[in-house]
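Reader: I have this model open and would like to go through it piece by piece. Can you take my questions as they come?

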Amino acid sequence: GVFSWLWGKKKIYWVPEHRKLKEKVEDLTKWKPVEDWTGWQIQNAFTEGGFLRDQLKASKATVELNLSFNGIGDDEIEHLAEVLKENKTIKRLILENNHIHDEGAKKLAKALIPERGKSDPVLEVLNLRNNCIGYKGAIELAGLFSRQKTLKKLDLYWNNIGNEGLKAFCENLRPDFPKDFVLDLRYNGFNKSDTKMNWEDMETKIQKNKVTYKDVEDPQLLGWPED
C-alpha cells in the first residue's frame, strides 16, 4: 500500500551545474531544439580549451539557446561570436542578465554582418535584456539593420543606451522590416527634455520607415517615447 509506494518512488538527485554542462557538451546527440542553460555559470567553460565553443559551432539540432544568468562578459562573447558566424541552426540566442558591455555588443554585431563568399548568419532573435551595452554598443547593433536582413527581434530592454543610442536606431531603420519585427528599447534612460536631440526628426524617421510603437500588426519599436 502506502509504504510500497513511498519506497518504490524514483529518487530525484540534484546535479551540480558544472556536471550538467559537462554531460551536455560531451554528447551532441542529446541536444534538443530548445536548450535552456539558465544559471549554469558556463562562463569559464568558454576559456577552457575551446571545447564548448567548438561543440556549439557543430550543433545541428538546437534552434534556441538560453544562456541567461551565466556571468557572461565581453571575453566570453568573443567565443559566442565565432559560434554565430558558423552555426547554421541557432536562430534565437537569449543572453539576459549577464555582464555584456559595449565591447561585447561590438563583437556580436560584427559576427552578424554577412561576409562575402559565405552564407549569411541565421540568427533571428537576439535578447540582451538587462546588460550594460550603453550608447556605444547600441550604435554598433543599430548598424546591423542596414547591413543584414535576417535579424527580426532585438531586445535591449534595460541597457542604458540613452538618447544617443535611440538616435542611432532611428537613423538605421529601413522600410522593409517584416511584420513581426520587434526592437525593444524600453527602460533605457531616454530624456525627452534634452533639447540637443531632434525628437521630431527621429519620430519622422520612425513613421517614414513604417515602424510603429502603437500597432502590433506592424514592425514595432517598444519604448518610444519614455519621459
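**Salt bridges, sheet and helices**

Author: Arg 129 is partly exposed, with a relative accessible area of 23%. Buried means under 20% relative accessible area, exposed over 50% and partly exposed in between, using a 1.4 Å probe and protein chains only.

Reader: What should I know about the model and its numbering?

Author: This is a predicted model, in which local features need pLDDT of at least 70 and side-chain atom pairs count only at pLDDT 80 or more, while totals for chains, interfaces and linings use all residues. Residues are numbered from 1 along each chain as its sequence is written, and side-chain values use heavy atoms, with hydrogens and water left out.

Reader: Back to Arg 129. Which side chain does it meet in a salt bridge?

Author: Arg 129 pairs with Asp 184, at 3.4 Å from N to O. The two belong to distant parts of the chain, 55 residues apart: Asp 184 is in strand 6, and Arg 129 is in the loop between strand 4 (125–127) and helix 6 (134–142). A salt bridge here is a side-chain nitrogen of Lys or Arg within 4 Å of a carboxyl oxygen of Asp or Glu. Helices (H or I, at least four residues) and strands (E, at least two) are DSSP runs, numbered from the N terminus.

Reader: And Asp 184, buried or exposed?

Author: Asp 184 counts as buried, at 2% relative accessibility.

Reader: How many salt bridges are found in the whole structure?

Author: The search finds 19. One of them joins Arg 92 to Glu 64, with the closest N and O atoms 2.7 Å apart. Arg 92 lies in strand 3 (residues 92–94) and Glu 64 in strand 2 (residues 64–66), so this pair ties together parts that are 28 residues apart in sequence. Glu 64 is buried at 18%, whereas Arg 92 is partly exposed at 29%.

Reader: Which residues are linked in a network of salt bridges?

Author: Arg 53, Asp 54, Lys 57, Glu 82 and Glu 86 are. There is also a salt bridge between Arg 174 and Asp 176, at 2.6 Å from N to O. Arg 174 counts as buried at 9% relative accessibility, and Asp 176 as partly exposed at 37%.

Reader: New topic. In what order do the strands of the sheet come?

Author: Seven strands form an open sheet in the order 1-2-3-4-5-6-7, with parallel pairing. Strand 1 (34–36) and strand 7 (220–222) are at the edges with a single partner strand each, so one side of each has no neighbour in the sheet. Two strands pair if DSSP finds at least two bridges between them.

Reader: How many bridges join strand 5 to strand 6?

Author: Three, between residues 153–155 of strand 5 and residues 182–184 of strand 6. Asp 155 stands opposite Asp 184 there.

Reader: Now helices. At what angle do the axes of helix 5 and helix 6 cross?

Author: They cross at roughly 5° and come within 8 Å, helix 5 being residues 102–111. Axes are lines fitted to C-alpha atoms, for helices over the stretch in contact, and angles run from 0 to 180 degrees between N-to-C directions. The two helices are therefore roughly parallel to each other. Angles under 35 degrees count as roughly parallel, over 145 as roughly antiparallel, 65 to 115 as roughly perpendicular and the rest as oblique.

Reader: Which residues meet there?

Author: Asp 102, Ala 105, Lys 106 and Ala 109 in helix 5 meet Lys 136, Gly 137, Glu 140 and Leu 141 in helix 6. Contact means heavy atoms within 4.5 Å.
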